[in-house]
Amino acid sequence: MRSVLLGGLTALLSLPLSVLSASASSSTTSANDNEVHLPETFTPPQVFQHTNLLRTIDISKPYLRETIAAIVENTSEESQSEYYLPIPKDQVGKISYIEARDKKGDLGEFEVKKVVYDDSKSTQYYAIHLPKPLAPSTPLTLQITLASTHSHLADPASIAQSDKQYLSFKTPSLARVAYPTLKQKTKITAPNSDIPDYTKDGVEVSKSGAVLTYGPFTETKPSDKGQLLFVRHEYTAPVIHMTKLERDIEVSHWGGNLAIEDRYWMENAGAKLDGHFSRVQWVQSQYYKPPTSAIKLLTVPLTPGARDVYFTDEIGNVSTSRYRSNLREATLELRPRFPIFGGWNYSFTIGYNYELPSFLKKLEGEKFMLKVPLFEGPSDSTVVDEAVVRVVLPEGATGVQWETTVPVESAEVGLWKTYMDTVGRTTVELKVRNVVDEWRGRELFVTYEYPFFAQLRKPLVFVAGFFTVFIVTWIVGSIDLNIAK
Amino acid sequence: MSSMEAVYAASKESFEPIFSKTLQFPVAAALVTSGLLATGFFSVSKNPLSTLASAIAASTALGFGAVYLICAVGVYV
């Protein structure tokens with residue numbers, strides 16, 4: 001009888017373990033899909049020319065957003081489908097994204113890939129693939145948008161508590177393109193008309209409100225850099241910079257819950273505070289609500305339905321937050337314990353729960369698909385240097401695939417152990433660099449298989465544990481400990 | 001529209017948990033109570049078959065009850 005019971009117990013305990021061995025193994029994928037490898041001697045073939053080009057640089061955010069709108073003409077005798085965009089080597093690491101599209105036609109978005117050829121060259125390239133080859137002598141209205149971080153400098157580098165903040169930046173007067181251009185202009189859009197210094201000598205320039213227009217420049221070659229332009233402008237908002245963001249997205253089938261936690265390491269990258277901080281002066285000035293270079297409030301729009309919201313920092317719960325939600329919107333307002341002036345740091349955590357059915361769909365068989373916002377940070381203009389997004393799937397999920405429109409540096413599928421886990425939950429970890437606030441609302445899709453028996457693993461482990469306790473109790477209770485009969 | 005986005009848009013069946021969040025605590029309480037009752041029956045039972053049956057019933061109720069209880073208190077496993 002005892003051997004039967006022990007045999008049954010062993011079989012029951014081995015059930016979950018046999019399933020565990022079939023769970024996901026760790027694997028790594030890189031962002032090689034976003035690269036195209038070319039010979040080391042590569043130079044862009046001179047098959048295009050720009051009939052007209054307008055370069056617009058938006059400096060109203062803490063990063064540079066440059067748009068090149070050009071009429072591109074195929075000057076070769078064959079159809080062409082690859083357009084190359086040069087980027088200086090020292091700028092490549094600062095690029096957040098490069099997007100290209102057909103501005104007037106119906107070709108839509110174009111695929112952009114980084115060219116890997118010779119790392120030592122001072123100019124690197126991005127290849128823009130035209131889905132429909134451009135026929136000879138045919139024009140195309142190409143719009144390229146690129147964002148780059150760490151492009152501004154506080155000028156002056158330090159200011160008093162109530163002083164105005166100014167930023168400066170430098171850029172060549174001509175667009176960096178790999179093909180000759182017949183006519184081009186450069187337009188710089190500042191946040192407001194307070195632009196005390198900008199390049200005026202040796203170049204044709206006009207100022208209209210917050211917009212500076214340089215040019216026109218005619219008959220320029222790809223090797224022409226033009227003049228280096230300098231612009232110093234007022235920046236009334238704080239320069240919000242997240243050095244790191246860790247975002248956990250946790251899926252629970254048993255709980256019917258999607259838990260999200262964002263951990264931020266924030267710094268004010270604007271002009272540093274000159275001298276000491278005066279709380280009295282700060283409180284007095286707040287009565288008039290003047291523009292300030294300090295971070296005093298962050299507004300985080302969430303997906304409607306968010307609940308159990310929390311805001312903590314190193315000390316603990318921060319009570320100066322406000323969460324307002326209704327059926328249409330949910331907004332979390334975060335007020336740090338102190339205003340964050342230039343050069344100051346503040347790290348904090350926000351978290352919230354969603355109902356899982358709003359984000360998870362069941363596909364055929366035992367397959368599921370998750371759709372979540374990749375980033376849900378503050379609506380204020382921000383830059384994140386390094387973001388790590390970890391999607392924690394249920395324990396036993398296999399066959400994980402993911403997709404997003406944001407350029408991902410690396411992705412890794414692995415395991416993570418937490419409460420009530422035996423081998424750990426399947427995770428997908430995505431690393432993204434130079435995240436800009438424009439990516440708010442971009443979705444991440446994750447598909448996975450979650451077999452029925454894997455779903456039962458968690459309670460079965462507990463059942464086996466309790467059953468072991470009962471059987472041991474029974475066996476111990478059956479032992480005859482009497483000395484004499 | 002990307003391929004996965006199209007699949008997601010085409011799929012009409014949303015995931016539905018066995019018990020919604022509001023039902024988790026009552027279900028957990030019912031299962032744990034049943035498990036404790038079965039444990040009591042296990043402790044007084046003399047017949048080996050009924051002892052084994054009550055042990056299986058108690059461990060099953062307590063196992064599933066523990067999972068729902070931990071979910072009900074906000075640790076979503």
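This section describes the fold, the domain layout and selected local features of chain A and chain B.

The structure is a predicted model, in which local features need pLDDT of at least 70, side-chain atom pairs count only at pLDDT 80 or more, and totals for chains, interfaces and linings use all residues. Residues are numbered from 1 along each chain as its sequence is written, chains are lettered from A and ligands numbered from 1 in the order in which they are written, and side-chain values use heavy atoms, with hydrogens and water left out.

Chain A contains 5 helices and 32 strands, where helices (H or I, at least four residues) and strands (E, at least two) are DSSP runs numbered from the N terminus. Its C-alpha atoms fill a box of roughly 115 × 70 × 45 Å along the principal axes. The radius of gyration of chain A is 29 Å, whereas a compact globule of 485 residues would have a value near 23 Å; this radius is taken over C-alpha atoms, and the globule rule is 2.2 Å times the number of residues to the power 0.38. Of the 485 residues in chain A, 48% are buried, a class defined by a relative accessible area under 20%, with exposed meaning over 50% and partly exposed in between (1.4 Å probe, protein chains only). Chain A exposes about 22,700 Å², 52% of which is supplied by carbon and sulfur atoms; such areas come from the Shrake-Rupley method with a 1.4 Å probe, and for residues only the protein chains shown count as cover. Among contacts (heavy atoms within 4.5 Å) in chain A between residues at least 6 apart in sequence, 77% join residues at least 24 apart.

Chain A is divided into domain 1 (18-30 + 239-459) and domain 2 (34-234), with bounds that come from an automatic or database domain assignment. The centres of the two domains of chain A, taken over C-alpha atoms, are separated by 32 Å, and 27 residues of domain 1 are in contact with 23 residues of domain 2.

Several positions in chain A were examined individually. A:Thr181, in strand S13 (residues 181-189) of chain A, counts as buried at 1% relative accessibility, and, with neighbours within four places in sequence left aside, A:Thr181 is in contact with A:His50, A:Leu53, A:Thr218, A:Glu219 and A:Thr220. A:Leu107, by contrast, lies in the loop between strand S6 (95-102) and strand S7 (109-116) of chain A and counts as partly exposed at 25% relative accessibility. Residues up to four places away not being counted, A:Leu107 touches A:Asp102, A:Pro131, A:Lys132 and A:Leu140; A:Lys132 is 25 residues from A:Leu107 in sequence, yet the C-alpha atoms of the two are 7.7 Å apart.

Backbone geometry was considered next. Most residues other than glycine have a negative phi, and most peptide bonds are trans. The peptide bond from A:Asp155 to A:Pro156 is cis, with omega near 10°, and A:Pro156 is found in the loop between strand S10 (153-154) and strand S11 (158-159) of chain A. The bond from A:Gly215 to A:Pro216 is also cis, with omega near 15°, but A:Pro216 has its place in strand S16 (residues 211-220) of chain A. A positive phi of about 60° is found at A:Ser137, which is not a glycine; A:Ser137 sits in the loop between strand S8 (123-134) and strand S9 (139-148) of chain A and is exposed, with a relative accessible area of 56%. Phi of A:His150 is likewise positive, near 55°, and A:His150, in the loop between S9 and S10 of chain A, is partly exposed at 42%.

Towards the end of chain A, helix H5 (residues 457-478) has 22 residues that should span 32 Å at 1.5 Å a residue, which agrees with the 31 Å between its end C-alpha atoms; the expected span is 1.5 Å times one less than the number of residues. The buried residues of H5(A) include A:Phe467, A:Phe470, A:Ile471 and A:Trp474. An unreviewed UniProt entry places the feature "transmembrane region" at residues 460-483 of chain A; UniProt positions are given in the numbering used here, feature names are shortened, and annotations may be inferred rather than shown by experiment. Over residues 460-483 chain A is 79% helix and 0% strand.

Chain B has 3 helices and 0 strands. The radius of gyration of chain B is 19 Å, well over the 11 Å that the globule rule gives for 77 residues, so chain B is more spread out than a compact globule. The UniProt annotation "transmembrane region" (unreviewed entry) covers residues 23-44 and 56-76 of chain B. Residues 23-44 of chain B are 100% helix, with end C-alpha atoms 32 Å apart, and residues 56-76 of chain B are 81% helix, with end C-alpha atoms 26 Å apart.
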